[in-house]
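Let's take a walk through a protein model together. Have the sequence and the 3D view ready, and follow along as we go.

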Amino acid sequence: MVAEIINGKELSSELKLNMKEKVSDLKKNKIVPHLTVILVGDNPASKSYVNGKKKACAETGISSDIIEMADSISEEKLLSTINKLNQDQSVHGILVQLPLPDHINEQHIIEAIDPKKDVDGFHPVNIGKMMTGADTFLPCTPFGIVTMLKSKDINISGQHVVIIGRSNIVGKPVGQLLLNENATVTYCHSKTEDLRSFTTNADILIVAIGKANVLTEEYLKPGAVVIDVGINRLDNGRLTGDVDFENVKNKASFITPVPKGVGPMTITMLLQNTIKAAEGLEKQ
Ligand code: NDP
């Protein structure tokens, strides 16, 4: 068996076509969806993510701007900038690129964003809504993963999903979203004993560890669906996932590659959330 690849780049392109139409309909009603991204400091990875988001916005007709702030900015100043954006009717989505410098409390910043403009889906109000299955902004990476599974008609209901990683932005919320879809969910992490005893029972295995190529075929049940969230840069500059793709591809039924897997979907779901934010204003 050779696993079928779930290509996040291709799926993103298809979804963006649909979004383009939605944006153009909104513009006919004089609403121009707008995303403001705040970038603090000059972390090269963060800069590259922010530029990727700006480019993706332009592709679908969403307008965007980047507010760049020095590494030394105070938490107070950042909070007051967010406050102004919360009041600004022309801004539908606000995203503060993480991580922030150590002297700024990330949780204070996340909680300062108006939940109606929280297109990252990190605000506790939106996390709470997600937990209860209410309509809200879903966190982009987990939302992208569920969209990828559905795009291939992969059955989720009743399936055993095992997630390695329990971060607030990937592991925990993806488990919740799949529980909402009636999966049976197991979370594993660095303190899990005998990881293989869990992973070899997974119908769907989601790997979000942040360590290059550590997941090999002996961790897999034959025919499992493998979602590789990891983005790791090797010494030679190439990007790779947490899953050893070549080693695993003959045992899995479906697999996401890195690059062109979950990464592009994360950005695409951000666009979807921004459009949703703009549509929300239309209904008010
Ligand atoms: P975190 O570092 O916040 O979390 C990593 C998780 O992996 C932790 O829960 C940790 O356990 C667990 N872990 C670490 N080592 C092991 C191990 N040996 N065995 C079992 N569990 C382990 O990372 P993120 O969730 O933010 O990101 C994970 C990866 O996904 C990174 O490579 C990141 O770059 C990538 N990423 C990709 C995105 C995309 O769009 N494709 C978006 C976001 C992230 P513990 O909690 O016990 O420490």
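## Two crossing helices

Is the crossing of α6 and α7 right-handed or left-handed? The crossing of α6 and α7 is right-handed. (A crossing is left-handed if the near helix is turned anticlockwise from the far one by less than a right angle, and right-handed if clockwise.) A quick word on what you're looking at: this is a predicted model, where local features need pLDDT of at least 70, side-chain atom pairs count only at pLDDT 80 or more, and totals for chains, interfaces and linings use all residues. Residues are numbered from 1 along each chain as its sequence is written.

Back to the helices, α6 (residues 140-151) and α7 (residues 171-180): their axes come within 8 Å and cross at roughly 40°. Axes here are lines fitted to C-alpha atoms, for helices over the stretch in contact, and angles run from 0 to 180 degrees between N-to-C directions. That makes α6 and α7 oblique to each other. (Angles under 35 degrees count as roughly parallel, over 145 as roughly antiparallel, 65 to 115 as roughly perpendicular and the rest as oblique.) As for the labels, helices (H or I, at least four residues) and strands (E, at least two) are DSSP runs, numbered from the N terminus.

## The six-stranded sheet

Six strands line up in an open sheet, in the order β1-β11-β8-β7-β5-β6, with parallel pairing. Its edge strands, β1 (4-5) and β6 (184-188), each pair on one side only. Two strands pair if DSSP finds at least two bridges between them.

Now zoom in on β8 (residues 225-228). Four parallel bridges tie β8 to β7 (residues 204-207), with Val225 as the partner of Ile204. (Buried means 20 or more other C-beta atoms within 10 Å of a residue's own, exposed means 12 or fewer, and partly exposed is in between, with C-beta atoms placed from the backbone.)

## The three-stranded sheet

There's another open sheet, with three strands in the order β3-β2-β4 and parallel pairing. Strands β3 and β4 (93-96) sit at the edges with a single partner strand each, so one side of each has no neighbour in the sheet. The twist averages 15° from one strand to the next.

Strand β2 (residues 34-40) is mostly covered, with six of its seven residues buried. Seven bridges join β2 to β3 (residues 63-69); Thr36 stands opposite Asp65, and Leu39 opposite Glu68.

Most residues other than glycine have a negative phi, and most peptide bonds are trans. Lys30 has a positive phi of about 65°; Lys30 lies in the loop between α1 (8-28) and β2 and is exposed, with 7 other C-beta atoms within 10 Å. Asp153 also has a positive phi, near 55°. The loop between α6 and β5 holds Asp153.

Then look at the prolines. The bond from Leu98 to Pro99 is cis, with omega near 5°, and the one joining Val258 and Pro259 is cis too, with omega about 0°.
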